[in-house]
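Reader: I have a model open and some labels to check. Can we go through what each label rests on?

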Amino acid sequence: MSRRGFNAILIMFTFTSILIIWELIAITGVVPTYLFPPPSKIALTFLHMLISGILMKEYLRTFIRVLTGFFIGSLVGLLVGLGISCTRLLKSITYPLIAIAATIPTVALVPLLIIWVGVNEILPIVAVIICSSIPIIYSIVSSSKFIDPEVINVAKSLGANSRYIVFNILLPYSIPSILSALKIEIAMAWKTCFVSEMLAMSSGLGYFMIIAQSTLRVDVMLVVVGILAISCYVSQLIFEFLETYIAKKWGLR
Amino acid sequence: MTKVELRNVNNHILRNVNLVINDGEFMVILGPNGAGKTTLLKVIAGFQKYDGHVLFDDEFIDDLPPHKRCIGYVPQSLALFIHMTVEENVAFGLKTQKLPRDVVKRRVENVLELLDLKHLRNRYPKTLSAGEQQKVALARALVINPKVLLMDEPFSYLQSDVRSQLRLELKRLQRALKITTIFVTHDLDEAEELADRATFLNNGRIVATGKFNEIMYRASHVLKELNILRCLVKNADSSGIAHVKCHGIELSILHENPLDVGDEVTLMIPPNKVVILHTKSLTKINTYIGIINDVHNSRITISIGDLRIIAYNNQGFNLKPGDEIYVQFPLKHLKVLS
């Protein structure tokens with residue numbers, strides 16, 4: 001058997017064992033099931049929520065917010081990043097600022113945004129925009145800082161003006177680092193959106209979490225957490241796939 | 001074919017550089033590290049600021065930005081565009097000029113054919129061998145029909161067999177296309193093989209310009225690192241081998257030009273070509289016992305009688321000053337400069 005197949009079986013085995021042990025603990029009644037519902041109960045709750053359509057409704061709300069914010073944020077990041085990379089002076093002035101800004105978790109800004117933006121549909125989107133644009137700006141600016149200056153020289157000697165160089169050299173050269181930044185940030189975008197919904201919104205997965213908490217529906221809360229985790233993981237996989245694809249195609253690894 | 005001229009060029013490295021490179025000429029720029037060889041290329045390309053003038057065919061181009069100078073530039077790092085295929089890399093310089101698609105296709109095709117790169121057209125640079133990458137960089141520079149080709153130690157990362165093969169190919173192409181070429185190197189073999197003329201730079205100044213052997217002779221006072229030996233001819237015959245006396249030792253040399261007994265000749269052997277041995281080798285030609293004066297990492301200085309020689313301890317012998325060692329000067333690496 002291949003190593004890969006063996007690993008897959010091992011993972012499945014571990015996963016099923018955890019579920020079985022969890023189920024057994026619940027059956028023995030060591031802890032009350034309303035605090036610690038067994039997997040079977042959680043699965044039933046999930047099915048019930050799926051059929052009633054309530055899960056889809058809230059999930060779509062969050063999904064659209066994440067997607068909109070992430071799209072606008074990436075676009076803004078791309079434009080600002082390239083703009084800054086064009087001028088050496090601007091680059092050297094803003095680089096430390098951007099580097100610091102990139103370390104701030106946007107979740108920490110949500111209470112501030114509630115005051116500045118107010119409690120409305122725009123709030124989670126703004127939070128996601130901030131969380132996805134800054135890392136992109138950072139990766140473009142830093143990869144343009146480390147690009148071999150001879151690459152730019154050669155492009156110039158071949159008749160490329162500054163604008164041509166920005167779009168045909170600088171931008172493609174930062175794609176690998178943009179993708180690896182996006183891979184991390186897409187998960188951050190989900191989390192940020194979720195937290196802002198928890199704190200201020202009256203719809204979406206985050207809101208649903210708070211409602212479930214207030215009625216002590218631990219099973220519902222676990223379903224929501226599971227869905228959040230899977231969404232983060234799947235969107236990360238998409239960017240990881242793109243990253244590997246580019247690296248392989250260009251022969252970088 | 002373009003004549004390139006530098007008039008009184010000065011900047012933070014170059015000092016009053018005056019140089020004319022005739023149209024279609026292969027000019028090699030030589031000199032120690034930090035002499036300003038690369039800077040000279042960058043001035044011609046317009047990448048670096050300078051005072052003075054650069055002329056192409058007697059026209060001042062000082063006000064032209066790099067992208068309007070029509071230059072083929074091959075840097076040491078090659079700087080291939082990693083996100084483009086070989087074909088796209090080569091087409092880059094034509095696409096910036098917004099030429100019609102069929103013209104771009106035809107010219108790219110021609111250059112790929114010329115350099116035998118057709119079978120690699122869809123590959124990405126990082127998947128190519130060093131020699132292939134080298135050819136792509138050259139193709140990319142040639143496709144725009146540049147007025148002048150600037151090459152900055154392009155072969156420095158290659159293995160010696162690929163290196164000499166590419167050298168031949170470059171020389172063949174340069175002859176065929178009659179393109180004015182300025183080639184920076186610090187490899188003397190490379191310089192001798194390629195150069196129509198050569199220029200020796202030191203501390204930003206031109207020390208000598210002319211035929212390779214001439215300039216090496218004239219530059220010999222800055223070439224302490226190169227083992228310059230002044231000798232007297234003891235006997236010479238028509239077989240092409242002569243015997244010379246030099247600081248008390250006798251050397252055999254190969255010579256192309258006729259030598260007479262009593263002539264003074266200047267010989268040169270780069271330190272990396274001096275062979276050092278623990279035991280006397282089978283070939284006894286030009287082998288002497290020397291005493292080590294000084295060891296500095298792999299660089300050693302050796303005394304043979306009055307003669308002091310610089311060599312490299314590439315075999316990793318455990319050497320210390322005062323040790324005796326055999327020193328051999330291989331015939332083919334003893335160059336006659338005058």
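Reader: What makes domain 1 and domain 2 of chain A count as in contact?

Author: The model is predicted, so everything here is computed from it. Contact needs heavy atoms within 4.5 Å. Seven residues of domain 1 of chain A meet ten residues of domain 2 of chain A on that test. The two domains are therefore in contact by the definition.

Reader: Where do the domains of chain A run, and how far apart are their C-alpha centres?

Author: Domain 1 covers 1–30 and domain 2 covers 31–249. Their C-alpha centres lie 32 Å apart.

Reader: And which domains does chain B have?

Author: Chain B is divided into domain 1 (4–222) and domain 2 (224–336). For this pair, the C-alpha centres are 34 Å apart.

Reader: How do you know what span to expect of helix H1 of chain A?

Author: Take 1.5 Å times one less than the number of residues. H1(A) spans residues 3–28 and has 26 residues. The expected value is 38 Å, and the helix reaches 37 Å from its first C-alpha to its last. The span is close to the expected one.

Reader: What comes just after H1(A)?

Author: Gly29(A) does, with a positive phi of about 75°.

Reader: What makes the phi of Leu216(A) worth a look?

Author: Most residues other than glycine have a negative phi. Leu216(A) is not a glycine, yet its phi is positive, about 55°. Leu216(A) sits in the loop between helix H9 (205–214) and helix H10 (218–249) of chain A.

Reader: Which residue of chain B has a positive phi without being glycine?

Author: Asn297(B), with phi near 55°. Its place is the loop between strand E16 (287–296) and strand E17 (299–304) of chain B.

Reader: Why is the pair Lys183(A) and Glu243(A) called a polar contact?

Author: The cut-off for N or O atoms is 3.5 Å, with one able to donate a hydrogen and the other to accept it. The side chains of Lys183(A) and Glu243(A) are joined at 3.1 Å. That is within the cut-off, so the pair is called a polar contact.

Reader: Where is Lys183(A), and what else is it in contact with?

Author: Lys183(A) lies in helix H8 of chain A. Neighbours within four places in sequence aside, the contacts of Lys183(A) are Gln236(A), Phe239(A), Glu240(A) and Glu243(A).

Reader: What volume does the largest pocket have, and which residues are closest to its centre?

Author: The volume is about 810 Å³. Of 25 lining residues, Arg88(A), Pro149(A), Ile152(A), Asn153(A) and Lys156(A) are closest to the centre. Among the elements giving two or more residues are helix H3 (54–86) and helix H8 (162–200) of chain A.

Reader: Which element gives the most to that lining?

Author: H7(A), with five residues.

Technical notes. Residues are numbered from 1 along each chain as its sequence is written. Chains are lettered from A and ligands numbered from 1 in the order in which they are written. This is a predicted model: local features need pLDDT of at least 70, side-chain atom pairs count only at pLDDT 80 or more; totals for chains, interfaces and linings use all residues. Side-chain values use heavy atoms; hydrogens and water are left out. On a 1 Å grid over the protein atoms alone, a cavity is a set of points where a 1.4 Å probe fits but cannot get out, and a pocket is an open set with protein on both sides within 12 Å along at least five of seven lines; lining residues have an atom within 4 Å of a point. Grid points are joined across faces, edges and corners, and a volume is the space filled by probe spheres set on the points. Helices (H or I, at least four residues) and strands (E, at least two) are DSSP runs, numbered from the N terminus. Domain bounds come from an automatic or database domain assignment.
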